[in-house]
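I opened this notebook to record what I looked up in one structure.

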Amino acid sequence: MAVYTHVSAEALAEFLTRFDVGELVSAKGIAEGVENSNYLVETTQDRFILTLYEKRVAADDLPYFMALLDHLAAKGLPVPPAIKDREGREIHELEGRPACLIKFLPGVSLSHPNVAQARAAGEALGAMHQAVADFPLDRPNSMGFESWKPLLERCGESLDGIAPGLYRDLDFALGDLAETWDRQGLARCAIHADLFPDNVLMLGDAITGVIDFYFACTDIRLYDLAVAHAAWSFDTTGEHYDEAVGNALIEGYSQSFPLSEVEHSAFHDLAVGACLRFTLSRAWDWLNTPADALVTRKDPLAFWRRVKVYDPDLATLLPTLA
Ligand SMILES: Nc1ncnc2c1ncn2[C@@H]1O[C@H](COP(=O)(O)OP(=O)(O)OP(=O)(O)O)[C@@H](O)[C@H]1O
Ligand SMILES: N[C@@H](CCO)C(=O)O
């Protein structure tokens with residue numbers, strides 16, 4: 001479920017009068033997604049997505065996200081910018097929440113991407129990285145490398161309730177990664193930072209939309225590819241690696257944005273980092289979401305298991321991965 005805030009028909013009809021988008025015909029809550037409240041809104045002119053931002057998206061970050069979407073859309077990339085009202089404003093308030101009316105993009109998000117789709121996603125990510133070369137804004141990564149150790153400590157020994165020994169193993173893996181993390185001073189730019197298959201809309205093998213930029217930030221460019229690689233190339237348990245899909249993602253990326261030798265050699269470290277980031281954020285959610293909440297908790301161990309592929313030597317030192 002992802003409708004946390006109810007929007008009345010009266011409030012929505014009044015909200016739409018600020019824009020030049022026609023009149024309200026229908027509005028339906030969208031079940032997918034876990035972070036924000038999303039509605040599919042139809043007017044006499046078009047379809048739109050109405051998003052009300054819930055607790056994880058800080059209102060102060062919205063101008064960055066919207067500027068990034070405008071920048072990418074202006075360069076012809078398939079991302080959904082916010083619709084401007086008659087006074088040029090994109091960010092609004094509705095039912096007490098920050099809210100944006102967003103361009104609707106066709107397509108469906110995939111559960112099991114194939115090789116051609118992974119290649120297309122890699123190409124699109126590389127094109128995005130090319131397009132942000134002149135994007136002027138910065139946003140530190142609130143879920144970046146420096147945040148992982150504090151997040152581990154906030155989860156604490158409760159992690160052992162997810163798997164006995166997990167706290168110690170995560171601590172060990174983080175210490176190991178800290179020895180080599182970004183020693184090379186890799187190139188940075190605005191990155192998506194959450195390019196999972198459910199954030200890419202496709203029709204057949206063609207990409208029609210890249211959505212959900214609410215973790216976007218300035219960080220290591222290659223880390224974005226590593227996140228996508230970890231998200232796209234495994235089954236949902238994290239046990240089975242699909243090498244063909246993983247390679248296609250990297251090949252597609254390299255067509256848009258060739259990787260340097262240094263980047264090739266750093267890739268596995270960044271992928272281990274991506275595994276730790278999603279293990280930790282999922283573990284935090286796992287430990288802090290009431291069992292009876294309507295939101296489905298995502299399995300933290302599914303990302304932890306991926307470490308076996310990206311750093312088999314490290315994995316042999318981790319009893320929880322035995
Ligand atoms: N611009 C768009 N055009 C078409 N559909 C969209 C658009 N934005 C969102 N959607 C639909 O709404 C769903 C939820 O959107 P989104 O993934 O942004 O939500 P979220 O709550 O931020 O989710 P997440 O849990 O992935 O962080 C998507 O799966 C997609 O079906
Ligand atoms: N993509 C993240 C959720 C945050 O959007 C995950 O699957 O853990």
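The entries below go from strands to helices, then to single residues and the ligand.

**Conventions.** I work with a predicted model, in which local features need pLDDT of at least 70 and side-chain atom pairs count only at pLDDT 80 or more, while totals for chains, interfaces and linings use all residues. Residues are numbered from 1 along each chain as its sequence is written, chains are lettered from A and ligands numbered from 1 in the order in which they are written, and side-chain values use heavy atoms, with hydrogens and water left out.

Entry 1: I first noted the terms: helices (H or I, at least four residues) and strands (E, at least two) are DSSP runs numbered from the N terminus, and two strands pair if DSSP finds at least two bridges between them. In general, strands of a sheet pair through backbone hydrogen bonds, either parallel or antiparallel.

I began with strand 1 (residues 24-29), which runs antiparallel to strand 2 and is joined to it by 5 bridges. Here I found Ser26 opposite Glu42 of strand 2. Strand 2 (residues 37-43) has 5 of its 7 residues buried, where buried means under 20% relative accessible area, exposed over 50%, and partly exposed in between (1.4 Å probe, protein chains only).

From strand 2 I followed a hairpin of 3 linking residues to strand 3. The two strands are antiparallel and share 6 bridges, and Val41 faces Phe48 in strand 3.

Strand 3 (residues 47-52) is in turn joined to strand 5 by 5 bridges, again antiparallel. I located Leu50 opposite Leu101 of strand 5. Strand 5 (residues 97-103) is also mostly covered, with 5 of its 7 residues buried.

Strand 4 (residues 92-94) pairs with strand 5 in the antiparallel sense over 3 bridges, and I recorded Pro98 as the bridge partner of Glu93. These two strands form a hairpin with 2 residues between them, and Glu95 in the turn has a positive phi of about 50°.

Entry 2: Which strands make up the open sheet of 3 strands, and in what order? I read the order as 6-8-9, with antiparallel pairing. Strand 6 (108-109) and strand 9 (206-210) are the edge strands with a single partner each, so one side of each has no neighbour in the sheet. Strand 6 is joined to strand 8 (residues 200-203) by 2 bridges, and Val108 stands opposite Met202.

I then checked what lies across this part.

**Entry 3: helix 4.** Which residues of helix 4 (residues 145-155) are buried? I listed Ser147, Trp148, Leu151, Leu152 and Cys155. Seen down the helix axis, they fall within an arc of 140° and so line one face of helix 4; the arc is that of the directions from the helix axis to the C-beta atoms.

The buried residues pack against helix 5 (166-180), helix 6 (221-232) and helix 8 (261-288), contact meaning heavy atoms within 4.5 Å. On the face turned away from the buried side I found the exposed residues Glu146 and Arg154. Just after helix 4, Gly156 has a positive phi of about 65°.

**Entry 4: two buried residues.** His129 lies in helix 3. I count His129 as buried because its relative accessibility is 3%. Its side chain makes a polar contact with that of Tyr253 at 2.7 Å; such a contact is a pair of N or O atoms within 3.5 Å, and within protein one must be able to donate a hydrogen and the other to accept it, with residues adjacent in sequence counting only if both atoms are side-chain atoms. Beyond its neighbours within four places in sequence, His129 has contacts including Cys189, Arg221, Asp224 and Phe257.

Leu270 lies in helix 8, and at 2% relative accessibility it counts as buried. Leaving aside neighbours within four places in sequence, its contacts include Trp181, Leu186 and Tyr223.

**Entry 5: ligand 1.** Of the 17 residues around ligand 1, I found Val34, Glu35, Lys103, Leu105 and Asp212 nearest; a residue is near a molecule or strand if one of its heavy atoms lies within 4 Å of it. A nitrogen atom of the ligand is 2.9 Å from a polar backbone atom of Leu105. An oxygen atom of the ligand is 3.0 Å from a polar backbone atom of Asn36, and an oxygen atom is 2.8 Å from an N or O atom in the side chain of Asp212.
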